[in-house]
Amino acid sequence: METQNHDSKIDVRIIVGGLDIAQLVSKAVNNIQLENDYNIIVSSIIPTVELSIVKKVASGADILLIGGYGHDETYNILYNELKTDFNHIGLFDYNNIIIEDESIDFKLAEKEILNSIIKSTLSYSLNLINIHTLENKLMKVTHNYNNLLDDYNQLIKEQEVLTRENNELREDMNDLKSDYAAFKSRYDDIYSKDILEVFSLNDLWQDTFRQELSDEERIVIATNRFRPDNVIVGQGYIAAESRNKAVEWLNIVRTALIFVDDNEDDLKKELGSNDESKAPEVNDDYEIPNNFENFWD
């Protein structure tokens, strides 16, 4: 018969109280052929109950048999010290191998060893089934945990994206609030004023001056700079209390445009000479920009 790998066999170790009983157990084990018949190996027969020694030799066994007279104090001490979730501990009862004259019956010893090992093997197998069941449950729980962990990490990433988008929306909202506040400040008293009429800037310019409007932007700039009462210019329209008021303002702006365009060179020279001399007094009733040549920029 081919030698089987010990990893597939049940490892039994027997703890007895001395060398004489250890020799008897060794002979009995050899006679009952545990390895060939039952796929069981007795890897160690430990001839001492000294706890420190027993712990070292018994570590890693599948089944431990403790020799004793029933569940006596020695058995209980060793059981409590050696029992784990991965082994089984059985009793090799001396009471079952002693005959009337207080001697040990060899055949009874073989029978007791075999019965003790078989009982312990059955208990160990049941324990293995429970362990495998728990391992399967643990694998499922671990799998579920890993799935939940993946979901959690995905949620964290999504939260980071949402947080970033939320911050961007807050910035946009703050910009809109700022723009609204500026708009409100500029047109805060619009409802207290008379209702304004709205006219097409280009049409009104053509009707009034019989020419195409070539520079709407400068009209808007001039209106924004001087802020005439009840006159608003922008987006191709002019709003005023009446058509006459709108035309009146366009006349003022057109006159200013013609004056600036016709006298641009003289104004630049005059402004240059004014840099070297004291500026003339300015009538506080008018708002004149400090740098006239850049007025339309």
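1. Surface first: the chain exposes about 20,900 Å², with carbon and sulfur atoms supplying 50% of it (Shrake-Rupley areas, 1.4 Å probe). Bear in mind that this is a predicted model, where local features need pLDDT of at least 70, side-chain atom pairs count only at pLDDT 80 or more, and totals for chains, interfaces and linings use all residues. Residues are numbered from 1 along each chain as its sequence is written, and side-chain values use heavy atoms, leaving out hydrogens and water.

2. Of the 297 residues in the chain, 28% are buried (under 20% relative accessible area, 1.4 Å probe, protein chains only). The chain has 9 helices and 7 strands (DSSP runs: H or I of at least four residues, E of at least two, numbered from the N terminus).

3. On to a sheet: 3 strands form an open, antiparallel one in the order β5-β7-β6 (strands pair if DSSP finds at least two bridges between them). β5 (197–200) and β6 (232–234) are the edges with a single partner strand each, so one side of each lacks a neighbour in the sheet. β5 and β7 (residues 237–240) are joined by 4 bridges; Phe-199 has Ile-238 in β7 as its bridge partner.

4. Helix α6 (residues 201–209) packs on this sheet and touches β5, β6 and β7 (contact: heavy atoms within 4.5 Å). α8 also packs on the sheet, touching β5 and β7.

5. Finally, the axes of α7 (residues 216–226) and α8 (residues 243–262) come within 10 Å and cross at roughly 110 degrees (axes are lines fitted to C-alpha atoms, for helices over the stretch in contact; angles run from 0 to 180 degrees between N-to-C directions). Residues meeting there include Ile-219 and Phe-226 in α7, and Trp-249 and Leu-257 in α8.

Notes
Buried < 20%, exposed > 50% of the residue type's maximum accessible area, 1.4 Å probe, protein only.
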